[in-house]
Amino acid sequence: MTLEWIAPLQARTPLCWINPALRGASNVLPSLRLRPQDISAAADLLQRWAPVLAHLFPELDAAGGLIESPLLELKPAERIVGPGIDGAVLLKADHMLPVAGSIKARGGVYEVLTLADRLAREHNVPLTDGANRYHPDLRKQCERYTVSVASTGNLGLSIGIISSALGFRAKVHMSRIAKEWKKARLRHRGVEVIEHDGDFSQAAAAGRAQATSPWDYFVDDEASEHLFLGYSVAAQRLQAQLERRHIRPGPQRPLFVYLPCGVGGAPGGITFGLKQLFGDHVHCFLAEPCAAPAMLAALAAPDRGLSVYDIGLDNLTEADGLAVPRASRLVVELVHELVSGVMTIEDDMLFRYVHRLDRWAGCQVEPSAAAAMTGPGLLCHTDAGRGYLARHGLSGQMGQAVHVLWTTGGSFVPQDELDGFIARGRQIETAAGR
Ligand SMILES: *Cc1c(COP(=O)(O)O)cnc(C)c1O
């Protein structure tokens, strides 16, 4: 076992790490325990529940009850991602996702809906009444259950908001250092917030241990297939948005997608969905903070179950949505041969991109959501990245390439906090002479 990747991680050097286990999608996908039908079933469930969501969340009315974000073009992209990036650069703007204000709206809402959907079937209650409103009898069934979750913040927001809207009691376990505004926002919605000393994994263990009655439902961010599948539906939605721009990934049109990664559910689920649709024409790169490269550690040493502490890192980063010491084993098992690589980013760069996105694209994102922004530069300007392109026969195709940068959260962050992030980024940018 070679561990040559450990030294730069320990030095917190931003990396473009290429996954040696990547294999052709058509060889990998048939052997996985989740299938394309599972994604379709998740998409169908979200469609069936759309009228209920449109009733419970008026902001979804225009979209017919579907939770979705726009695909934006960054133009000129150079101001944001730097020089020398050929092809189109697009932003998948999940920082604007309604209901929860982050990518967690995809997985979290879906998982809680699967529970409500099961109750509807078990008790033979329709989802809506005659006027297309959430059925009061179904709400009564939901009121008997408590949904709980452990979260660094955004998953707690998503689960708390959808659970309380459907009538469930909701409990969110958070580490004490989680942002105060997230706790306040949840309490305001009647969600019980339980604070724990220690990091996310410890809060998760405590939450899991407390949810033991048959009336408890625990959303397990470190092992949930439902979350994974809820996220995977984003792939079909992206495909439709690319179609609208006449973009069809293929041999002459490589698609590169860069996804901020915490435990791996969101980026892993989306990777799984994209690989089903585009096979080897899509290249998925995950992005992690230098202080918490949990997925990189898991992929680089598959049998060791390493946490970021094991390699001498502290998991302390302003990217609170990504500050997890250990990746989800479920996700690693599903995507370890589908992910092209992992890129790491320093906190200072996160803030600089928060500033640039605000200044040049009018997008206000939280630091976690900017983690993928160095992706195209690392791919096109490092030896590791160029080697990847050459091995895949892509060096000559980059003029036609499409880069999709996923921005994963921000619209629920209070304005004064956002202003603080942006100001901090502007300062760092100025000091760096740019
Ligand atoms: C949770 C989160 C992610 C990553 O999702 P995981 O499922 O934890 O990998 C990325 N960005 C933001 C803003 C998040 O809250």
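This is a predicted model: local features need pLDDT of at least 70, side-chain atom pairs count only at pLDDT 80 or more; totals for chains, interfaces and linings use all residues.
Guide: A cavity, in the sense used here, is a set of grid points where a 1.4 Å probe fits but cannot get out.

Visitor: How many cavities of 30 Å³ or more does a search of the whole structure find, and how much space lies in the largest?

Guide: The search finds 4 of them, and the largest cavity holds about 250 Å³ of space. Its lining counts 26 residues, among which Ile-103, Lys-104, Gly-262, Gly-321 and Leu-322 are the closest to the centre. By class, the lining of the largest cavity divides into 12 nonpolar, 11 polar and 3 charged residues. Helix H7 (154–166) and helix H12 (265–278) each contribute at least two residues to it, with H12 giving the largest share, 3 residues.

Visitor: At what angle do helix H10 and H12 pack?

Guide: To read a helix pair, one takes the angle between the N-to-C directions of the two axes. Helix H10, residues 225–232, packs against H12 at an angle of about 55°, and the two axes are 7 Å apart. That angle makes H10 oblique to H12, and H10 passes H12 in a right-handed crossing.

Visitor: Which residues of H10 and H12 make the contact?

Guide: From H10 come Phe-228, Leu-229, Tyr-231 and Ser-232, while H12 brings Gly-265, Ala-266, Gly-268, Gly-269, Ile-270, Phe-272 and Gly-273. By class, this contact has 6 nonpolar, 5 polar and no charged residues.

Visitor: At roughly what angle do the axes of H5 and H10 cross?

Guide: The axes of H5 and H10 cross at roughly 125° and come within 7 Å. Angles of 65 to 115 degrees count as roughly perpendicular and those over 145 as roughly antiparallel, so a value between these two ranges is oblique. H5 is therefore oblique to H10, and H5 passes H10 in a right-handed crossing.

Visitor: Which residues make the contact of H5 with H10, and how do they divide by class?

Guide: On the H5 side stand Lys-104, Arg-106, Gly-107, Gly-108, Tyr-110, Glu-111 and Thr-114, and on the H10 side His-226, Leu-227, Leu-229, Gly-230 and Tyr-231. They divide into 4 nonpolar, 5 polar and 3 charged residues.

Visitor: Let us turn to the backbone. Which two residues does a cis peptide bond join?

Guide: Lys-75 and Pro-76 are joined by a cis peptide bond, with an omega of about -10°. Pro-76 lies in the loop between strand E2 (71–73) and helix H4 (78–81).

Visitor: What is the phi of Arg-12, and where does Arg-12 lie?

Guide: Arg-12 has a positive phi of about 60°, although it is not a glycine. In the chain, Arg-12 lies in the loop that runs between helix H1 (6–10) and strand E1 (16–18).

Conventions:
Residues are numbered from 1 along each chain as its sequence is written. Side-chain values use heavy atoms; hydrogens and water are left out. On a 1 Å grid over the protein atoms alone, a cavity is a set of points where a 1.4 Å probe fits but cannot get out, and a pocket is an open set with protein on both sides within 12 Å along at least five of seven lines; lining residues have an atom within 4 Å of a point. Grid points are joined across faces, edges and corners, and a volume is the space filled by probe spheres set on the points. Helices (H or I, at least four residues) and strands (E, at least two) are DSSP runs, numbered from the N terminus. Ala, Val, Leu, Ile, Met, Phe, Trp, Tyr, Cys and Pro count as nonpolar, Asp, Glu, Lys and Arg as charged, and the others, Gly among them, as polar. Axes are lines fitted to C-alpha atoms, for helices over the stretch in contact, and angles run from 0 to 180 degrees between N-to-C directions. Angles under 35 degrees count as roughly parallel, over 145 as roughly antiparallel, 65 to 115 as roughly perpendicular and the rest as oblique. A crossing is left-handed if the near helix is turned anticlockwise from the far one by less than a right angle, and right-handed if clockwise. Contact means heavy atoms within 4.5 Å.
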